[in-house]
Amino acid sequence: MIVETAKPKVKCDASGCNNACNYQIVNKKFVFDGSVYLCEKCLNELYGEIGRYIKPKNIKPIYKKGGKDE
Ligand SMILES: [Zn+2]
């Protein structure tokens, strides 16, 4: 699954949202075949929701007591 910037020719796919899209989620193996278009606001909302369940993996702990740098 990839997220790309999209030209705002299409409206955001979120129901009730009439903004022009800024991003598209492309995945041909997912439940939908094609792209989902989202505006910046809805993408941020989605990201916030995802963040409740999934934590980013590549963030190193800020405080490392007595640890050596790798
Ligand atoms: Zn939207």
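The pLDDT is the predictor's confidence in each residue, from 0 to 100. Across the protein chain the average is 82, and 79% of the residues score at least 70. Where pLDDT is low, the predicted coordinates should not be read in detail.

This is a predicted model, in which local features need pLDDT of at least 70, side-chain atom pairs count only at pLDDT 80 or more, and totals for chains, interfaces and linings use all residues. Residues are numbered from 1 along each chain as its sequence is written.

**Overall layout**

- The protein chain has three strands and one helix, and along the sequence they come in the pattern β-β-β-α.
- Both kinds of element are DSSP runs numbered from the N terminus: helices are H or I with at least four residues, and strands are E with at least two.
- Of the 70 residues in the protein chain, 9% count as buried. Buried means 20 or more other C-beta atoms within 10 Å of the residue's own, exposed means 12 or fewer, and partly exposed is in between, with C-beta atoms placed from the backbone.
- Take the contacts between residues at least 6 apart in sequence: 27% of them join residues at least 24 apart. A contact here means C-beta atoms, placed from the backbone, within 7 Å.

- Three strands form an open sheet in the order 1-2-3, with antiparallel pairing. Strand 1 (2–5) and strand 3 (34–38) are the edge strands, each pairing on one side only.
- Neighbouring strands of this sheet are turned by 30° against each other on average, direction ignored. The axes behind that angle are lines fitted to C-alpha atoms, for helices over the stretch in contact, and angles run from 0 to 180 degrees between N-to-C directions.
- Strand 1 and strand 2 (residues 23–27) run antiparallel and are joined by four bridges; two strands pair if DSSP finds at least two bridges between them.

- Helix 1 covers residues 40–51, twelve in all, and spans 16 Å from first C-alpha to last, close to the 16 Å expected at 1.5 Å a residue. That expected span is 1.5 Å times one less than the number of residues.
- One of the twelve residues of helix 1 is buried, so the helix lies largely in the open.

**The core and Cys21**

- The largest nonpolar core has six residues: Cys12, Cys21, Tyr37, Leu38, Cys39 and Cys42. Such a core is a set of buried Ala, Val, Leu, Ile, Met, Phe, Trp, Tyr and Cys residues joined through C-beta atoms within 7 Å.
- Leaving out neighbours within four places in sequence, Cys21 is in contact with Ala6, Pro8, Val10, Lys11, Cys12, Tyr37, Leu38 and Cys39.

**Two loop residues to look at**

- Ala20 sits in the loop between strand 1 and strand 2. Ala20 is partly exposed, because 15 other C-beta atoms lie within 10 Å.
- Not counting residues up to four places away in sequence, Ala20 touches Pro8, Lys11 and Cys39. Ala20 and Pro8 are twelve residues apart in sequence, yet 5.1 Å apart in space, C-alpha to C-alpha.
- Lys28 belongs to the loop between strand 2 and strand 3. Lys28 counts as exposed because it has 9 C-beta neighbours inside 10 Å.
- Lys28 and Met1 are 27 residues apart along the chain, and their C-alpha atoms are separated by 8.0 Å.

Terms used: Two residues are in contact if their C-beta atoms, placed from the backbone, lie within 7 Å.
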